[in-house]
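Work through the exercises below with the sequence and the model in view. Each task is followed by a solution in steps.

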Amino acid sequence: MPMYQVKPVCGSDTKIDLPTCMYKLSNIHAQQGNGCSSEHALQNGEVDPAVKALEARQDEIMRKLYELKAAVEGLAKTVTTPDADLDLTVSSSLCSQSSCSSAFKGTTDLDTQLGKDLGALRDIVINANPAQPPLTLLVLHSLLCQRYRVLSTIHVHSSISNVPPQLLSCLGPRHPDSYARHMFQLGFTLIWKDVPKLQMKFSVQNMCPIEGEASVARFLFKLLAPYPSDPAVATLVDSWVDTAFFQLAEGSAKERAAVLRALNSTLGRTPWLSGSEFTLADIACYCCVLRSGPTPAAPANVQRWIKSCENLGHFSPAKLLVQ
């Protein structure tokens with residue numbers, strides 16, 4: 001059997017890095033016998049089977065290393081997050097990847113929005129108060145599950161003594177492969193915690209929390225579809241989102257009535273709040289209308305729009321929490 005020695009091209013004084021360093025294999029017997037290296041031993045451009053075997057083995061080693069890297073990073077994030085004193089892991093689910101809702105005419109990807117990170121799961125960690133369930137986030141989670149492979153998990157923080165069962169299962173059932181983090185693209189972790197405002201962290205190592213349901217909803221929606229390129233339309237979407245959270249959700253009865261009239265007027269001219277396309281404005285306003293009370297008393301155009309939203313199928317998790 002011929003013997004081979006490995007010679008790194010990068011030089012004898014250079015640290016060898018498996019993914020980047022190239023190797024040459026020299027047939028020791030061939031060199032000793034006739035002074036010819038194995039580079040000339042095979043004719044017609046054929047590749048030495050030993051080289052193929054080495055390359056295949058190296059690829060397999062790198063695949064396993066990336067899987068190990070993903071698992072270690074997941075454990076590190078769990079330990080270093082301020083919410084490391086979690087008491088109960090309740091639910092995780094794998095949502096199969098499929099095409100996003102036909103309502104979105106443009107899509108984005110995680111590499112564009114969050115940057116490339118080979119072998120690592122992108123974790124989004126959200127702290128929410130069970131007294132004020134974030135309905136918009138449940139809708140956006142449902143949409144994210146259609147666009148990406150999402151590892152969804154619910155935890156209960158030690159600051160909360162009791163959580164209703166429907167809140168413990170609002171992200172879906174536990175998936176048997178939830179331990180295999182490398183199978184997923186996005187981690188969506190919802191922590192029920194006693195916080196005054198909803199908080200979100202994407203990178204628990206070096207990112208300041210994003211606070212407020214409106215801000216978090218904007219972040220998550222950009223993972224699904226880009227904001228309108230027209231500045232006027234983008235401003236209109238932002239205006240409706242602010243109106244939803246500051247007037248519909250937190251305003252007086254008089255303010256809510258005024259918003260319903262504005263909604264009815266707008267929806268009499270266009271099918272969706274920002275025109276012909278379904279946007280975050282519709283998600284935010286729908287959830288806040290739902291939270292503000294019974295919808296049968298809403299004006300006719302608003303009732304028609306509510307049915308159009310529900311026909312998309314992504315609002316069921318939010319609707320179940322208010323029934």
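**Exercise 1: charged pairs**

Task: Which residue forms a salt bridge with Asp 238, and how far apart are the closest N and O atoms?

Solution. Asp 238 forms a salt bridge with Arg 218, and their closest N and O atoms are 2.9 Å apart. A salt bridge here is a side-chain nitrogen of Lys or Arg within 4 Å of a carboxyl oxygen of Asp or Glu. Helices (H or I, at least four residues) and strands (E, at least two) are DSSP runs, numbered from the N terminus. Then take accessibility, where buried means under 20% relative accessible area, exposed over 50% and partly exposed in between (1.4 Å probe, protein chains only). Asp 238, at 26%, counts as partly exposed, whereas Arg 218, at 17%, is buried.

The model is predicted: local features need pLDDT of at least 70, side-chain atom pairs count only at pLDDT 80 or more, and totals for chains, interfaces and linings use all residues. Residues are numbered from 1 along each chain as its sequence is written, and side-chain values use heavy atoms, with hydrogens and water left out.

Task: How many salt bridges does a search of the whole structure find, and which parts does the pair of Arg 291 and Glu 213 tie together?

Solution. The search finds four salt bridges. One of them joins Arg 291 to Glu 213, with the closest N and O atoms 3.6 Å apart. Arg 291 lies in helix H9 and Glu 213 in helix H6, so this pair ties together parts 78 residues apart in sequence. Arg 291 is partly exposed at 34% relative accessibility, while Glu 213 is buried at 12%.

**Exercise 2: helix H9**

Task: How many residues of H9 are buried, and which helices do they pack against?

Solution. H9 (residues 280–292) has 13 residues, of which eleven are buried. Its span from first C-alpha to last is 18 Å, close to the expected 18 Å, taken as 1.5 Å times one less than the number of residues. The buried residues, among them Asp 282, Tyr 286 and Leu 290, pack against helices H4, H6, H7, H8, H10 and H11, contact meaning heavy atoms within 4.5 Å. Gly 293 follows H9 and has a positive phi, near 145 degrees.

**Exercise 3: aromatic rings**

Task: Which residues do ring pairs link into a cluster?

Solution. The structure holds three aromatic pairs. Rings of Phe, Tyr and Trp (its six-membered ring) pair if their centres lie within 6.5 Å; planes under 30 degrees apart count as stacked, over 60 as edge-to-face and the rest as tilted. Trp 272 and Phe 278 are edge-to-face, at 5.2 Å between centres and 75 degrees between planes. Phe 278 and Phe 315 are also edge-to-face, at 6.3 Å and 90 degrees. Phe 278 lies in the loop between H8 and H9 and Phe 315 in the loop between H10 and H11, so the pair ties together parts 37 residues apart in sequence. The cluster is Trp 272, Phe 278, Tyr 286 and Phe 315.

**Exercise 4: strand S6**

Task: Which residues are the bridge partners of Ile 191?

Solution. S6 (residues 186–192) has seven of its seven residues buried. Strand S4 (residues 122–128) pairs with S6 in the parallel sense over seven bridges, and strand S5 (residues 150–157) runs parallel to S6, joined by seven bridges. Strands pair if DSSP finds at least two bridges between them. Ile 191 is the partner of Asn 127 and of His 155.
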